[in-house]
Amino acid sequence: MTAVRVHNRVLLALVAVATAAVLLTGFVALAPNRLVSGKPVPLWQDVGWAMTGGIAVIGIVLLGSSLTRPRRQIHLLVTAAAAGLIVLLLAALGRAAATLAAGAPPLARIAADAGFWIPLGCAALAIVDAQQRLGSAAAMRLAIVAALAAALVGLAAGGTFQALSLAREYQGHRAAFAAAVLRHILLVAGAVGPAVLIGAPLGIAALRRPRLRGPVFAVLNLLQTIPSIALFGLLIVPLAALAGAVPALGRAGVGGIGVAPALIALVLYALLPVVRSTVAGLGGVDPAVLDAARGMGMSRRQRFWRVELPLAAPVLLAGFRVVTVQAIGLAVVAALIGAGGLGTFVFEGLGQYAVDLVLLGALPTIALALAAEFGLQTATAAVAGRFGR
Amino acid sequence: MIEIEHVSKRFGRQLVVADLSLTVPQGAFCVLLGQSGCGKSTTLRMINRLVPFDEGRIRVAGEDVAQVPAEVLRRRIGYAIQSIGLFPHWSVEDNIATVPRLLKWPTPRIRDRVEELLELFRLAPEAYRRKYPHQLSGGEQQRVGVARALAADPEVLLMDEPFAAVDPITRAALQDEMARIHAATGKTILFVTHDIEEALRLATLIAIMDRGRIVQSGTPLDIVERPAGDFVVDFLGREGIGLKLLSVRRVADRMRAGEPAEGAAVAITAPLRDALAAMTARRTDHLPVCDAEGRIVGAVHLRDLVR
């Protein structure tokens with residue numbers, strides 16, 4: 001008999017961690033009401049043997065894959081198995097919640113626990129690892145993400161998660177939720193848009209006039225070091241005074257609290273990464289290429305649009321990605337000064353010690369950030385791919 | 001034709017080009033030769049106004065460059081540089097088409113011109129036009145760089161050490177290519193280099209520069225036979241001058257026509273230096289000479305070389 005050989009340590013570790021989480025922690029947590037912390041319930045107790053068995057079989061398939069010589073087919077198998085595991089875990093979560101809810105008092109809260117989240121994360125990482133080993137194209141990755149998102153939406157629409165406390169919180173805040181997501185997106189767009197419009201010319205100016213560069217970065221770095229809550233607080237006084245002095249502005253919505261100070265703070269935070277990537281991107285264009293462009297008789301404008309901008313595009317897009325993801329996260333804090341958005345649920349939940357309500361704000365924020373990250377990464381890869389660099 | 005008249009240029013207090021005058025006649029291959037920092041690149045870049053000059057006048061094809069808008073002027077002058085500066089996000093075809101597109105040539109004319117130039121540089125059009133610069137070797141990139149400079153059929157061609165960054169074998173091939181293209185197109189070329197061998201190989205006219213001035217100009221033979229002063233002698237390499245002489249004189253100059261000889265022949269158009277090298281390698285004191293068709297037309301003897 002030949003000795004067992006580990007071919008994919010990453011996958012083996014993921015399987016081990018996920019198995020330990022399933023065996024040692026609760027799959028869901030059951031609490032008698034909103035204020036008490038829940039008691040862990042293991043996977044096999046309430047989801048039925050078929051689903052538990054299915055999850056175990058996928059675990060064994062993944063374990064076997066980590067011990068097999070890596071080939072294209074193996075990476076594809078791992079991707080499919082891990083994606084199946086994600087869908088199965090989601091379905092099992094709904095089933096466990098439904099079963100538990102049937103025998104529990106109406107105020108009982110059922111939430112996903114470590115035994116769900118850890119295997120879910122491990123499965124996602126297994127997909128990422130397999131795709132990296134495959135060196136797959138952006139289209140393939142996009143298809144995987146779309147399929148998983150479709151499965152999640154399909155399960156949710158089918159009422160799978162109805163019994164979960166997160167879904168109950170959602171039911172309770174249904175009207176506010178859609179508005180909050182929309183407000184959140186508008187806050188991000190309202191911050192990133194002006195930040196690009198101000199930051200890109202500022203970056204170009206800093207690039208063309210090196211003397212300007214020191215002071216510009218000094219100010220922007222200083223802004224970045226101010227904690228976000230402090231910056232929101234600092235803006236209350238001048239903006240309240242401004243609204244008092246110019247009543248028209250006050251009527252237009254400018255004030256010490258609300259959307260105006262939130263947008264100003266978000267723009268200020270977004271400026272540094274925008275300016276920095278503008279300087280890095282445009283400054284990184286080979287001077288010989290620019291000399292040639294000038295020597296060929298391109299005007300300043302032609303050089304910018306035809307040469308500098310396309311060559312800087314990968315770096316600029318990467319900067320845009322950082323700024324967008326950062327703004328999605330920071331916009332949560334903006335709820336603190338009454339700007340709305342998903343942060344409303346987070347702070348409301350924190351105030352009420354209601355973890356599920358916090359999650360109702362936090363999970364969509366994470367989803368938005370991941371979607372932005374993934375979408376812009378795909379766009380960057382497509383642009384960079386054109387130059388073969 | 002390029003006429004540079006009493007041109008001066010200062011960077012701060014330093015005079016980098018000092019009252020320089022030089023005329024490059026129509027169809028000449030003029031090499032501006034000098035050490036780094038002598039002002040030769042600055043001189044070249046003043047012609048297409050990449051560097052503004054303080055005093056004097058420069059005319060290209062009879063027209064004062066200061067009277068023409070800089071961008072219009074540059075589109076009429078070919079420009080090739082050491083670091084090539086191909087646009088990495090454009091295919092070979094797009095790169096070569098840069099100036100014709102700026103001049104708004106119709107598309108079919110641009111396509112034909114690109115094809116013609118790729119053929120001139122012996123790059124198979126179908127294989128190369130869609131490639132990107134990073135898919136080309138250094139020598140191919142430089143060919144495309146020169147093709148791009150020639151694309152709009154410019155009146156003059158400016159070349160700033162275009163072959164300095166490639167390996168010696170590729171450089172020799174590119175130099176041969178350049179000589180062939182000069183002969184085929186009859187362009188007026190101003191070529192900057194610090195490499196004396198390159199200058200002797202390519203130039204019909206050499207101007208040697210030192211500290212912003214031209215210290216001597218003339219044909220390669222003039223310069224090697226009658227170097228003006230110590231600077232030029234040093235530049236030519238003192239003891240090495242003899243070899244330089246053999247580089248600029250041709251086998252045809254010293255051949256004994258009709259005399260028979262045995263062995264592999266040397267071309268009648270080759271420099272005498274090649275004949276000396278062949279004799280040394282083969283341990284012989286004479287070689288047969290052949291013409292372009294490979295017919296033996298005479299012989300060259302070792303003692304003729306030192307005559």
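Q: In which loop of chain B is B:R122 found?
A: This is a predicted model, and in it B:R122 is found in the loop between helix 5 (107-120) and helix 6 (125-128) of chain B.

Q: What should I look at in the backbone there, and what is phi of B:R122?
A: The general idea first: most residues other than glycine have a negative phi. Here phi of B:R122 is near 60°, a positive value in a residue other than glycine.

Q: Is B:R122 buried or exposed?
A: Count the C-beta neighbours inside 10 Å: B:R122 has 9, so it counts as exposed.

Q: Where is B:I84 found, and what is its phi?
A: B:I84 is found in the loop between strand 6 and helix 3 (92-96) of chain B. Its phi is near 65°, again a positive value in a residue other than glycine.

Q: And is B:I84 buried or exposed?
A: B:I84 counts as buried, because it has 24 C-beta neighbours inside 10 Å.

Q: How do I read the faces of a helix?
A: An α-helix has 3.6 residues a turn, so residues three or four places apart point the same way. Now try helix 14 (residues 272-282) of chain B, where B:L272, B:R273 and B:A275 are buried. Seen down the axis of helix 14 of chain B, the buried residues fall within an arc of 160°, so they line one face of the helix. On the other side of helix 14 of chain B, B:A281 and B:R282 are exposed.

Q: Which elements do the buried residues of helix 14 of chain B pack against?
A: They pack against helix 12 (241-248), helix 13 (251-254), strand 12 (266-267), strand 13 (286-290), strand 14 (296-301) and helix 15 (302-305) of chain B.

Q: What does the backbone do just after helix 14 of chain B?
A: Look at B:R283, which takes a positive phi of about 50° just after that helix.

Q: How many bridges join strand 4 of chain B to strand 5 of chain B?
A: 2 bridges join strand 4 (residues 55-60) of chain B to strand 5 of chain B, and the two run antiparallel. For a pair to find on screen, take B:R59, whose bridge partner in strand 5 of chain B is B:D64.

Q: Now zoom out. How many helices and strands has chain B?
A: Chain B has 15 helices and 14 strands. The C-alpha trace of chain B spans about 60 × 50 × 30 Å along its principal axes, and buried residues make up 40% of the 307 residues.

Q: Which domains does the assignment give chain B, and how far apart are their centres?
A: The assignment gives domain 1 (2-244) and domain 2 (250-305) of chain B. Their C-alpha centres lie 33 Å apart.

Q: How many residues of chain B are in contact with chain A?
A: Start an interface by counting each side: 18 residues of chain B are in contact with 16 residues of chain A. On the side of chain B that touches chain A, the elements giving two or more residues are helix 2 (70-75), strand 6 (77-81) and helix 4 (98-102) of chain B. The residues of that side divide into 9 nonpolar, 6 polar and 3 charged.

Q: How is chain A divided?
A: Chain A is divided into domain 1 (9-164) and domain 2 (174-385). The contact takes 7 residues from domain 1 of chain A and 8 residues from domain 2 of chain A.

Note on methods: Residues numbered from 1 in each chain as written. Chains lettered and ligands numbered in written order. Predicted model: local features only at pLDDT ≥ 70, side-chain atom pairs only at ≥ 80, totals over all residues. Domains from an automatic or database assignment. Contact = placed C-beta atoms within 7 Å. Helix = DSSP H or I, 4+ residues; strand = E, 2+ residues; numbered from the N terminus. Nonpolar A, V, L, I, M, F, W, Y, C, P; charged D, E, K, R; others polar. Buried ≥ 20, exposed ≤ 12 C-beta atoms within 10 Å, placed from the backbone. Pairing = 2+ DSSP bridges. Arc of directions from axis to C-beta.
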